[in-house]
Amino acid sequence: ASLLDVSRTTTINAYRHLEHRGFVKTRVGSGTYVSDPLAEMGSERPGIPWPQLFIPYNQSPFSSILRELVANPLGLESISLGTGMPDPKLYPLKIFQSLMESELNALNLADLGYIPTEGYTPLRQTLAVYLRNKGINVTAENVMILSGAQQGLYLITKTILVPGDYVVVESPTYIGAIQQFQNAGARLLTLPCSEHFPLALLEDYLIRYRPKLLYLIPTFKNPSGRVIPEHQRRELLQLAARHRLVILEDDPYSELYYQDAPPPSLKALDNYDGVAYLGTFSKILFPGLRTGFIAANPSLINRLALEKQYVDLHSNNLTQWLVQLFLEQGNLSDHLAMVRKEYKKRRDTLVRVTQRLCGDNLTFLPPQGGFYLWCRLTKNTSSTKLLHEATKNGISFVPGQAFYPTLEGDQELRLCFATHDETVLIEGVKRLAKSFSQIHKK
Ligand code: PMP
């Protein structure tokens, strides 16, 4: 076709397309010129318009808060009660060191090559035994090793959800899960976290929206610390079975109890094979291991493994080997006993001191386990404003809004009592109390 056959709109669109891809540049009042990527290096508009290459990304307004809290540790003197970090002083490094020294010679070098995506077989077997001891009826083929539970959230999202799908979540819940689901274009239906699991509301959602997934942290929830009691777990599972509802149970904290052991997991009570169970060593050993796992129906495991292969082929096998030895040689129960004792003291201290110094400004339910004290501000105080003041005083926490898919939560905040010892916690709460008094003066 001759140029004259092409409509003006088509030509303009073509120019726009070329400009969008960075091949031409338009100068107002002058015309359109072929752009020279070499000449534009270092200029305001470099050769490749990178952001224009990116596919759409659904980012929630609070999605970057935790990243910022990790990436910008305030000065040396400041105290972060923000991130959910175990105390580095409690990491079982001596045991890992002695395992390295005594066992490395016996390591089969093939185990340091590429291994199956599902994980290092002895670790899968050991985890199956660990899970069976917790009443979860699985074998190694039900278990896949993950690079952290976070990867499980990603893989499940990637394999199950398409844009527009409904996912039921508690509200508040773990920010990293909210982000995954929202980024996949899922529509979130929320269940308020309270003393009673809102079964009737869930049933209503099931009938009206047919959600693909229910995401739950049944035990020592992040952030609220609450536990769903056993009879409510059983009722929930009955309802879920009737509706063939898939449940993703995220369980990083159940080993960290400071009174009685928590009720059995949903997976242990699951009699319709509808629960996929996520576990991790991040909170009970240390996050840098990046070792977690999922226990689920083998056909789900197979599909997740295909997807995981694209991401990282398999998780780091040196750490899988170490974690396997750590477990096999029976170190976990002593380590857990030690951290439970320590974190219980810290929980007690944070509860006591916060009540004493900030009791006029907030209320909370003392958690029976996990890492967090979830507080509600009483005087109409905004937690984001409080955080602004608090960081100036050298103390940080996570404002409540980060844990909601909606705009709720500005009168709540989460304090982590696991990272610091009692002296530091007390100093942190003093600084928080000072921030309250400053914000009220303004
Ligand atoms: N789920 C929950 C509820 C969490 O609190 C966390 C960590 N804060 C994760 C998943 C991610 O854990 P991992 O380090 O194993 O990826």
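Let's start with the sheet: seven strands make up an open sheet, running in the order 4-10-9-8-7-5-6, and their pairing is mixed. Keep in mind that this is a predicted model.

**The sheet**
- Strand 4 (143–146) and strand 6 (187–192) are the edge strands, so called because each pairs on one side only.
- On average, neighbouring strands of this sheet are turned by 20 degrees against each other, ignoring direction.
- Strands of a sheet pair through backbone hydrogen bonds, in either a parallel or an antiparallel way.
- For a parallel example, look at strand 8 (residues 246–250) and strand 9 (residues 275–280), which pair over four bridges.
- In that pair, Asp-250 sits opposite Leu-278 of strand 9.
- Helix 5 (residues 121–133) packs on the sheet, where it touches strand 4 and strand 10 (292–295).
- The direction of helix 5 makes about 115 degrees with that of strand 4.

**Two packed helices**
- Helix 6 (residues 149–160) and helix 11 (residues 298–312) pack with their axes 9 Å apart, at an angle of about 105 degrees.
- That angle falls within 65 to 115 degrees, so helix 6 and helix 11 are roughly perpendicular to each other.
- Helix 6 brings Leu-155, Lys-158 and Thr-159 to the contact, while helix 11 brings Arg-303, Leu-304, Glu-307 and Lys-308.
- Sorted by class, this contact has two nonpolar, one polar and four charged residues.

**Around the ligand**
- There are 14 residues around the ligand, and the ones that come nearest are Gly-148, Ala-149, Gln-150, Thr-280 and Ser-282.
- By class, this shell has five nonpolar, eight polar and one charged residues.

Terms used:
Residues are numbered from 1 along each chain as its sequence is written. This is a predicted model: local features need pLDDT of at least 70, side-chain atom pairs count only at pLDDT 80 or more; totals for chains, interfaces and linings use all residues. Two strands pair if DSSP finds at least two bridges between them. Axes are lines fitted to C-alpha atoms, for helices over the stretch in contact, and angles run from 0 to 180 degrees between N-to-C directions. Two residues are in contact if their C-beta atoms, placed from the backbone, lie within 7 Å. A residue is near a molecule or strand if its C-beta atom, placed from the backbone, lies within 6 Å of it. Ala, Val, Leu, Ile, Met, Phe, Trp, Tyr, Cys and Pro count as nonpolar, Asp, Glu, Lys and Arg as charged, and the others, Gly among them, as polar. Angles under 35 degrees count as roughly parallel, over 145 as roughly antiparallel, 65 to 115 as roughly perpendicular and the rest as oblique.
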